[in-house]
Amino acid sequence: MADALGAAYPIMLGYVGIGVPCGILCESVGLNALQVLLLSALFYSGAGQFMIPNMYLTGAPVASIVSSVAFVNTRQMLYSASLAPWCAGAPRWLAFLFAATVTDESFGVSIRRFEEGGWTADRALLVNLFSQSSWAASNVVGVLVGSALAIPLPIAAFAMTSIFICLLVTQRLTSANVVAAGCAMVGVLACKLVGLSGPAILVGAVAGVAVALAFATWRARSAKGSGRAGEEGAGAPEEAPQEGAAASNRAQAACDLDERCLRAEARAGREADSGERGGESR
Amino acid sequence: MSWEEFWVILGVCGACMLVCRVLPLFLLKGRSLPEGVTRALALIPPAAFAALVANDLLSPGMFDAGLWPAAIPLVAAAVVAVVAAKTGSLIWCAVAGVGSYALLSLLA
């Protein structure tokens, strides 16, 4: 409980900063405290709950509001997939509640704790629920105080940007991670340039993962020195385990005790080990 | 906004969100995944955080109104990156980010 609160409080404070302005905005399109509470409890999306009143104010039809909002939130699929291995041992109800309450920020906090070790799905669920309570309460406060309170939103929202920057900077500095991050950023900007700002985060992140995966595969192959580098680009994921096992055998068979071979063997062994996450440490 | 509009928005948005949040986890949970999939999943956090940061900081035409207004979030982001590298603390990063952003806005 205390662990979860310790992990959640930066998110909770950040949510006060953007939740109150969100409530104020919702109130301005005629949503009441109960409706805002329902949105925060059953929908629970910072970006989405800003988009709904914003688009409503511009006179957008309901169909266009819901499709835009749904589009923006498709990035949640990535978080869900990424968290799956960590929930392997959790009971179904716990995994369901946890998955259903993940946000950008709580995903970041929980994945970091999971990777550090000693973190469990029930604590991660508590982080989500603490964050959600803070979000819901701040939204209701925003509705109740209305525009009596002037919070400069760009400044308050920068708390969230700062949290994302921190989560990014504290990622393991492997070459594959750097490629993933760089390509994701380029992908987001490219999406915005062609006017696809809705799915920009999802498209950018998927592009980053795809290019980094291709990069890691290519590097693993060229490291073997078998001259097959780049033959197949990304390669189907299903090939990878056999590839890893084959690499391991080949490295073992071919290796003298020279350093380059030892490195190749170590790398091949790591690839075969499905527990290994990410590429080679720099 | 009427209650009818509200229910449609809450229902559709909430249902889409729930599917996006829950379905992938339950499809992958408890299976032994091929190594390539595991590797792809491990690449999601850096890619996603980079995408979120880029989405907040970068947009086409951001320098149209001159260099300085657009540079404020970038300079504040650089401050946060230094604090993140030094402390690794989310809360200190949020404090440093909001503080430097507010300060730079005042100076502008």
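Helix α1 (residues 3-28) of chain B has 26 residues, which at 1.5 Å a residue should span 38 Å, and its end C-alpha atoms are 37 Å apart, which agrees. The expected span of a helix is 1.5 Å times one less than its number of residues. Helices (H or I, at least four residues) and strands (E, at least two) are DSSP runs, numbered from the N terminus. The model is predicted: local features need pLDDT of at least 70, side-chain atom pairs count only at pLDDT 80 or more, and totals for chains, interfaces and linings use all residues. Residues are numbered from 1 along each chain as its sequence is written, while chains are lettered from A and ligands numbered from 1 in the order in which they are written.

**Helix α1 of chain B**

- α1(B) bends by about 30° at B:Val22, and a proline, B:Pro24, follows within four residues. The bend at a residue is the angle between axes fitted to the seven residues ending there and the seven starting there.
- The buried residues of α1(B) include B:Ile9, B:Cys13, B:Cys16, B:Met17 and B:Cys20. A residue is buried if 20 or more other C-beta atoms lie within 10 Å of its own, exposed if 12 or fewer, and partly exposed in between, with C-beta atoms placed from the backbone.
- An α-helix has 3.6 residues a turn, so residues three or four places apart point the same way.
- Packing against the buried residues of α1(B) are α2 (33-43), α3 (46-57), α4, α5 (76-83) and α6 (92-100) of chain A.

**Domains**

- Chain B is assigned domain 1 (1-31) and domain 2 (45-107), and the C-alpha centres of these two domains of chain B lie 31 Å apart. Domain bounds come from an automatic or database domain assignment.
- Chain A is divided into domain 1 (2-170) and domain 2 (174-282). Seven residues from domain 1 of chain A and six residues from domain 2 of chain A take part in the contact.
- On the side of domain 1 of chain A that touches domain 2 of chain A, helix α4 (residues 62-72) of chain A gives the most, with three residues. That side divides into four nonpolar residues, two polar and one charged.
- In these counts, Ala, Val, Leu, Ile, Met, Phe, Trp, Tyr, Cys and Pro are nonpolar, Asp, Glu, Lys and Arg are charged, and the others, Gly among them, are polar.

**Chain A as a whole**

- Chain A has 13 helices and zero strands.
- Of its 282 residues, 49% count as buried.
- Among contacts in chain A between residues at least 6 apart in sequence, 72% join residues at least 24 apart. Two residues are in contact if their C-beta atoms, placed from the backbone, lie within 7 Å.

**The interface between the chains**

- The contact takes 87 residues from chain A and 66 residues from chain B.
- Helix α9 (residues 153-169) of chain A supplies the largest share of the side of chain A that touches chain B, 12 residues. The residues on this side of chain A comprise 59 nonpolar, 21 polar and seven charged.
- The 17 residues of α9(A) should span 24 Å at 1.5 Å a residue, and its end C-alpha atoms are 24 Å apart, which agrees.
- α9(A) has a kink of about 25° centred on A:Ala159, and 14 of its 17 residues are buried.

**The nonpolar core**

- The largest nonpolar core has 118 residues, of which A:Ala184, A:Ala205, B:Ala47 and B:Ala51 touch the most other members. Such a core is a set of buried Ala, Val, Leu, Ile, Met, Phe, Trp, Tyr and Cys residues joined through C-beta atoms within 7 Å.
- Not counting residues up to four places away in sequence, A:Ala205 touches A:Arg75, A:Leu78, A:Ala184, B:Ile44, B:Ala47, B:Ala48 and B:Ala51.
- B:Ala48 is in helix α2 of chain B and is buried, because 31 other C-beta atoms lie within 10 Å.
- Among the residues that B:Ala48 touches, not counting those up to four places away in sequence, are A:Tyr79 and A:Ala205.

**Two further residues of chain A**

- A:Tyr44 lies in the loop between α2 and α3 of chain A. Its phi is near 55°, a positive value in a residue other than glycine. A:Tyr44 is buried, with 22 other C-beta atoms within 10 Å.
- A:Leu129 is found in helix α8 (residues 121-145) of chain A and counts as partly exposed, with 16 C-beta neighbours inside 10 Å.
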